[in-house]
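Student: Hi! I have a structure open and would like a walk through it. Can we take it step by step?

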Amino acid sequence: MTLFYLFAAVAVIASLLVIAQRNPIYSVLLLIASFGALSGLYVMLDAPFVAVTQIIVYAGAIMVLFLFVVMLLHAPAEETEHDERVHPLRRPGPMWFGAVLAAALVVELLWALTRAGGGTGAFPAAEVISVRAIGQALFTDYAFQFEVTSILILVAMVGAVILAKREAAKP
Amino acid sequence: MPTLNDYLILSAILFAIGTAGVFVRRNLITILLSIEIMLNAVNLSFVAFGRSLGTADGQIIVFFVMTVAAAEAAVGLAIVIGLFRHRESLNPDTFTSLKW
């Protein structure tokens with residue numbers, strides 16, 4: 001239980017800092033810390049495959065892609081019509097509205113969760129779901145979805161190349 | 001031992017943090033990062049539900065969510081790069097016209 005609170009605290013605090021940082025590079029690095037804590041939670045949930053994939057794919061590939069773009073664009077400061085010295089979360093107007101909406105969302109979700117009946121929600125004893133079982137399900141029951149996902153990745157790759165391509169010089 | 005409710009509450013809090021990031025920040029990169037936070041909150045509840053039901057389906061859905069997130073990040077960042085080339089800005093408030 002202590003370990004759960006430790007990982008949960010790291011995940012929540014790191015995520016809060018992600019949206020509180022001025023510099024996107026710190027945001028990306030803090031999000032990697034948050035993903036590390038989430039990976040620990042996946043291990044506690046007997047899901048080693050997801051925990052490893054979280055580190056390799058999310059922290060290793062997607063976040064590095066973000067970091068690469070942040071460094072490529074080289075635009076650390078957030079540009080607004082407000083005073084640059086004021087922290088982004090302290091600026092007036094829609095910022096407050098967004099914070100209020102998020103707080104309302106938390107209250108709603110917690111209300112829904114506490115109203116849900118049906119036992120304490122304790123996990124039943126079960127064996128760890130092995131990578132073999134996941135792979136077997138992935139290539140039998142979910143084979144069609146798996147192939148569709150590969151086409152999605154191909155489309156995304158082609159789309160990213162075309163979008164990021166410099167426009168050819170007009171003759 | 002932490003129960004299913006604990007994981008769901010943590011997932012709800014993380015999702016709300018991501019939502020707040022989308023609403024509050026005016027930086028395209030940070031908004032995309034907030035979307036990643038939301039996707040991970042949903043992943044956590046999928047894995048927790050899968051553990052509660054004792055099936056592998058939750059983890060498989062997480063696998064698909066991760067691939068979709070990778071595709072979304074690639075296309076989204078390509079769009080961000082294209083927008084930045086046009087306007088030299090990452091503030092979404094500067095992109096108000098559909099064509100220029």
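Tutor: Here is a chat about the two chains and how they pack.

Student: Great. What kind of model is this, and how are things numbered?

Tutor: This is a predicted model, where local features need pLDDT of at least 70, side-chain atom pairs count only at pLDDT 80 or more, and totals for chains, interfaces and linings use all residues. Residues are numbered from 1 along each chain as its sequence is written, while chains are lettered from A and ligands numbered from 1 in the order in which they are written.

Student: Let's start with chain A. How many helices and strands does chain A have?

Tutor: Chain A comes to 6 helices and 0 strands. Helices (H or I, at least four residues) and strands (E, at least two) are DSSP runs, numbered from the N terminus.

Student: And how much of chain A is buried?

Tutor: Of its 171 residues, 22% count as buried. A residue is buried if 20 or more other C-beta atoms lie within 10 Å of its own, exposed if 12 or fewer, and partly exposed in between, with C-beta atoms placed from the backbone.

Student: Which domains is chain A divided into?

Tutor: Domain 1 covers 1–76 and domain 2 covers 130–171. Those bounds come from an automatic or database domain assignment. Taken over C-alpha atoms, the centres of the two domains of chain A are 23 Å apart.

Student: Take the H1 helices. At what angle do H1(A) and H1(B) cross?

Tutor: Roughly 5°, and their axes come within 9 Å. Axes are lines fitted to C-alpha atoms, for helices over the stretch in contact, and angles run from 0 to 180 degrees between N-to-C directions. H1(A) and H1(B) are therefore roughly parallel to each other. The cut-offs are under 35 degrees for roughly parallel, over 145 for roughly antiparallel, 65 to 115 for roughly perpendicular, and oblique for the rest.

Student: Which residues meet there?

Tutor: Among them are Phe4(A), Ala8(A) and Ile19(A) in H1(A), and Asp6(B), Leu10(B) and Val24(B) in H1(B). The residues of this H1(A) and H1(B) contact divide into 13 nonpolar, 2 polar and 1 charged.

Student: What about H2(A) and H2(B)?

Tutor: Their axes come within 11 Å and cross at roughly 5°. That makes H2(A) roughly parallel to H2(B). The contact of H2(A) with H2(B) has 11 nonpolar, 3 polar and 1 charged residues.

Student: How many residues of H2(B) are buried?

Tutor: 20 of the 26 residues of H2(B) are buried, so H2(B) is largely enclosed by the rest of the structure. Just after H2(B), Gly54(B) takes a positive phi of about 75°.

Student: On to the H3 pair. How far apart are the axes of H3(A) and H3(B)?

Tutor: They are 11 Å apart, and the two helices pack at an angle of about 0°. The contact residues include Phe49(A), Tyr58(A) and Leu73(A) of H3(A), and Gln59(B), Met66(B) and Phe84(B) of H3(B). By class, the H3(A) and H3(B) contact has 21 nonpolar, 2 polar and no charged residues.

Student: What do the buried residues of H3(B) pack against?

Tutor: They pack against H3 (48–73), H5 (131–140) and H6 (143–164) of chain A, together with H2 of chain B. Gly58(B), Phe63(B) and Val80(B) are among the buried residues of H3(B).

Student: And Phe84(B), is that one buried or partly exposed?

Tutor: Phe84(B) is partly exposed, with 18 other C-beta atoms within 10 Å. Phe84(B) and Leu28(B) are 56 residues apart in sequence and 9.9 Å apart in space, C-alpha to C-alpha.

Definitions and conventions:
Contact = placed C-beta atoms within 7 Å. Nonpolar A, V, L, I, M, F, W, Y, C, P; charged D, E, K, R; others polar.
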